[in-house]
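Have the viewer open as you read.

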Amino acid sequence: MRINGRAYGPVKVRDELTMNDFLRERLGLTGTKFGCGAGQCLSCAVIIDDPDGTSHTSPTCIVPATSFNGKSIRTVEGHATNGELTALQRSFIDHFAFQCGYCTAGFLNEGQVLLERLAKTPVARDDLEKTIADAFDGHLCRCTGYFKYHEAVRDVVLADPGRYLT
């Protein structure tokens, strides 16, 4: 398995070890949070990079680490390059889109997947608000910071409309 571009394994783990525990306790990647423990809040979501070049998020709190065998994933620790934040990370900071921070990793990963999808399949400006809302559907924020997350993603898209919009 590859995590943030680095190969791990083979590693022997118990069948019931969740990916969340593997990331946090075995690898020390604590940016991925353990929220509800039921795969409902998505604070534990990581990015899975598929072989066809697409990406999607997956919860880690209820999924065994063995299910990620052979996959390439990205955690919140894998976004910045050489210490330089991505445009989305900077936008999250600019909008104070983290409040308590517990759900931020999940929202950031989902937002990154959305930006990558929009770069391949741009949407009309009129569809942008719904597209962002749909992408974040299912992510829960106990501080109710939804609007700030939404604004942070929208600003990144609008800063580069030729890339993300038709």
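## Ground rules

This is a predicted model, in which local features need pLDDT of at least 70 and side-chain atom pairs count only at pLDDT 80 or more, while totals for chains, interfaces and linings use all residues. Residues are numbered from 1 along each chain as its sequence is written, and side-chain values use heavy atoms, with hydrogens and water left out.

Helices (H or I, at least four residues) and strands (E, at least two) are DSSP runs, numbered from the N terminus.

## The strands around E3

Let's start with strand E3 (residues 46–49), which runs antiparallel to strand E4 (residues 55–58) and is joined to E4 by 4 bridges. Two strands count as paired if DSSP finds at least two bridges between them.

Ile47 is a handy landmark here: Ile47 sits opposite Thr57 in E4 and opposite Arg74 in E5.

## Helix H1

Helix H1 (residues 19–26) has Met19, Asn20, Phe22 and Leu23 as its buried residues. Buried means under 20% relative accessible area, exposed over 50%, and partly exposed in between, using a 1.4 Å probe and protein chains only.

The cover over those H1 residues includes strand E1 (2–3), E3 and E5. After H1 comes Gly28, with a positive phi near 75 degrees.

In helix H4 (residues 128–136), the buried set is Leu128, Thr131, Ile132, Ala135 and Phe136. Looking down the H4 axis, these buried residues fall within an arc of 125 degrees, so they line one face of the helix; the arc is that of the directions from the helix axis to the C-beta atoms. Helix H3 (104–120) and helix H5 (146–159) are among the elements covering the buried residues of H4. Just past H4, Gly138 has a positive phi of about 100 degrees.

H4 packs on H5 at an angle of about 130 degrees, and their axes are 10 Å apart. That makes the pair oblique. Axes are lines fitted to C-alpha atoms, for helices over the stretch in contact, and angles run from 0 to 180 degrees between N-to-C directions. Under 35 degrees counts as roughly parallel, over 145 as roughly antiparallel, 65 to 115 as roughly perpendicular, and the rest as oblique. Residues in contact (heavy atoms within 4.5 Å) include Leu128, Ile132 and Phe136 from H4, and Tyr149, Val153 and Val157 from H5.

## H2 against H5, seen from Ser91

H2 packs against H5 at an angle of about 135 degrees, with axes 9 Å apart. The H2 side of the contact is Ala87, Leu88, Ser91 and Phe92, and the H5 side is Tyr149, Ala152, Val153, Asp155 and Val156. H2 and H5 are therefore oblique to each other.

Leaving out residues up to four places away in sequence, Ser91 touches Ala152, Asp155 and Val156.

## Pro161

Pro161 belongs to helix H6 (residues 161–164). Pro161 counts as partly exposed, at 40% relative accessibility.
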